[in-house]
Amino acid sequence: MKGQLIKNQTKMDSSLSVSVKYGFFISLGLIGYFLILRLFGLHQNIWLRILNGAIMAYGLYAAIKSYKLASGMEFNYTEGFKTGLFTGFIGTFLFMIFMAIYLFHLDPEFMNSILQKFLNGNYGGGMLLFIILIEGFASTVVLTLSFMQIFKNSKKIGQFE
């Protein structure tokens, strides 16, 4: 019994360390991409945000794959799914913190122009942060569900021909 608890604790620690590591890399990717767009004056083009999804997808895929390789035969759907969710939530949360600092302290004019252009000035900067958070969480859930179809261990025996 005690050995099983230690094994489960080790597995959870491994999942959490993978999530923190790749969540941090996702946030760095999102921040770097935003700053590159800002450098070229393209940060207000909403269609370029689609690449945020690609950054998130790559990070989640790499995190789940890394956790599966570390777990070996102990890998299960639930732990892989939790790893993907934690990774995406950490990456999204760190990116949201960066955007809060950027919007409220470094470039409030950008925040005002986004609010006017897309939300008719009816909401405050908190709404932009909420949108970033929901967008990140939603893409995390969808992408994690999708990637777990690739990484899950199948219990099916071969098909009859």
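Q: What volume does the second largest pocket have?
A: Rolling a probe the size of a water molecule over the atoms shows where empty space is left. In this predicted model the second largest pocket has a volume of about 210 Å³ (the space filled by 1.4 Å probe spheres on joined points of a 1 Å grid), a pocket being an open set of points with protein on both sides within 12 Å along at least five of seven lines. Local features need pLDDT of at least 70 and side-chain atom pairs 80 or more, while totals for chains, interfaces and linings use all residues. Residues are numbered from 1 along each chain as its sequence is written, and side-chain values use heavy atoms, without hydrogens and water.

Q: Which residues line the second largest pocket?
A: Lining residues have an atom within 4 Å of a point, and here they include L30, R49, I50, N52, G53, M56, T92 and F95, together with I132, E135, G136 and S139.

Q: How many residues line the largest pocket, and which are closest to its centre?
A: The largest pocket, with a volume of about 400 Å³, is lined by 21 residues, of which I46, R49, I114, L128 and I132 are the closest to its centre. Its lining has 15 nonpolar, 4 polar and 2 charged residues, and α1 (2-39), α3, α4 (108-119) and α5 each supply at least two of the lining residues.

Methods
Helix = DSSP H or I, 4+ residues; strand = E, 2+ residues; numbered from the N terminus. Nonpolar A, V, L, I, M, F, W, Y, C, P; charged D, E, K, R; others polar.
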